[in-house]
Amino acid sequence: MDKFVVRGGNPLVGTVRISGAKNAALPAMAAALLTDEPVVLENIPEVRDIQTMRKLLVEMGAEVELGYGRAHHRTTIHCCGPIRAEAPYELVKTMRASTLVLGPMLARTGCARVSLPGGCAIGARPIDLHIKGLEHLGANITQDHGYIEARAGRLRGGHIVWDRITVTGTEELMMAATLAEGETVMENCAREPEVADLAALLTSMGARIHGAGTATIRIQGVPRLRGARHRIIPDRISAGTFVVAGAMTGGDLTVANCDASHLGALLQKLTETGANLQVADDGIRVTGDGRLLAADVNTEEYPGFPTDMQAQFMALVTQAAGTSVITENIFENRFMHALELGRMGANIKIEGRRAVVRGKTPLSGAAVLASDLRASASLVLAALVADGETIIDRVYHIDRGYERIEEKLRGVGAQMKRIGEMFPKRAALAPAQ
Ligand code: EPZ
């Protein structure tokens, strides 16, 4: 298994370019199931979860062409032949977002068999609300041997009020409703930029959607959808991770090719800690000497402070003067990184969904273990400011959602390398940025 070896202490200087958003690309790839014409997606990140979604779509009978290098991370998905309406456990267990194919498959073919995702490191993460929503549109859903079996004639429009805000739930039902008979109105929807990006793709495929990005979305069903070309938005969580890296290490870092308007809550919090930020149209510049002040954070649904930035922010406030209280309101078990940060010398006390972080505490390099995608990002950030060498194990977690993070960080002065081989041939070829 790959590991990262990081020697801390270098301020970051230069420019990193942000890749496309994993959490926008995954539903967009699933949306291609809604039409028998080609869907061309650009700015697709080169991360492991995209590979998994590609495998799943191919398994279901789609033609998927992935381009890199000069092809600008473009992928073409063509679901023209018969669709095998099944998402197997082998793939779903590696990536719960695979369940995003359920709605489109059901809407397109009238049947779907999808493995239940099972538990996750950060929480139970059931999909009961997705199922309830599809039943609202007339689907008949049973559970059998760990699989969801869904059947429906043509789905019917309906009125859904989400019990709680769910990002992929909103995306799933929005996709299914595009081919339903009549109008669907959804209230208490997720307002994440990834939801609005998916609606932009679906609209270019001929769907009739209003209100995506707000709490109320209206979808007027149409008989069929056509192919389209769409550019995926930049990854706001990846951008936020690099901005935090710049604030923690000091130096002069520009995070380019990102949309600062998607990061309002995070940038406001960072300003509160005393980080020096300059926001431009397509980027954010972070300068400073790494001196920071404590700040409290409550994770919330968008536009509140993103739970996917909680771990990274925790690493930052270990280096801030004073006591910070971090409250995780979205997932019930998202403090696994705190124990590993503790191994590096951080002073963090967990009290249920609250973490009390006392700083500033000097961190020292150690051997640590990544437990999930964002937890592993926080360990990389801590290692960048730690004294000596840190060895981060199980970095396959970070490869799921960050494109070549070690090359990007090395390109702006970090001392970081990967041990073990993920893309043997490719890694040898691709020059560091
Ligand atoms: C999306 O997950 C993201 N994943 C997550 O990013 C992100 O953390 C999360 O939204 C919250 O912002 C993708 O977009 C692929 P939810 P999702 O449904 O849609 C509960 C990352 O690091 N819930 O909004 O699965 C659920 O358990 C990942 O990139 C139900 O109870 O999250 C959670 O507590 C991690 N029943 C809350 O709602 C349901 O049917 C919000 O989850 C659905 C959700």
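Are R404 and E46 buried or exposed? Both residues, R404 and E46, are buried, where buried stands for under 20% relative accessible area, exposed for over 50%, and partly exposed for what falls in between, computed with a 1.4 Å probe on protein chains only.

Before I continue, a word on the basis of this talk. This is a predicted model, in which local features need pLDDT of at least 70 and side-chain atom pairs count only at pLDDT 80 or more, while totals for chains, interfaces and linings use all residues. Residues are numbered from 1 along each chain as its sequence is written, and side-chain values use heavy atoms, with hydrogens and water left out.

Let me turn to the salt bridges. The term denotes a side-chain nitrogen of Lys or Arg within 4 Å of a carboxyl oxygen of Asp or Glu. The structure contains 26 of these salt bridges.

One of them joins R404 to E46, with the closest N and O atoms 2.7 Å apart. This pair connects distant parts of the chain, 358 residues apart: R404 sits in the loop between α13 (396–399) and α14 (405–410), and E46 in the loop between β3 and α2 (48–59). Helices (H or I, at least four residues) and strands (E, at least two) are DSSP runs, numbered from the N terminus.

A further salt bridge is formed by E37 and R224, whose closest N and O atoms are 3.1 Å apart. Because E37 lies in the loop between α1 (22–31) and β3 (39–42), and R224 in the loop between β13 (217–220) and β14 (228–231), the pair ties together parts that are 187 residues apart in sequence. E37 is partly exposed, at 29% relative accessibility; R224 is also partly exposed, with a relative accessible area of 47%.

Next, consider E406 and R418. Their side chains meet in a salt bridge of 2.8 Å, N to O. E406 belongs to helix α14 and R418 to strand β25 (residues 415–419), and the two are 12 residues apart. E406 is buried, its relative accessible area being 7%. Both residues also take part in a network of salt bridges that links D2, D399, E406 and R418.

Finally, which strands pair with β1? Strands pair if DSSP finds at least two bridges between them. Strand β1 (residues 3–7) pairs with β25 in the antiparallel sense over five bridges, and there K3 has I419 as its bridge partner. β1 also pairs with strand β24 (residues 389–393), again antiparallel and over five bridges; in β24, T390 is the bridge partner of V6.
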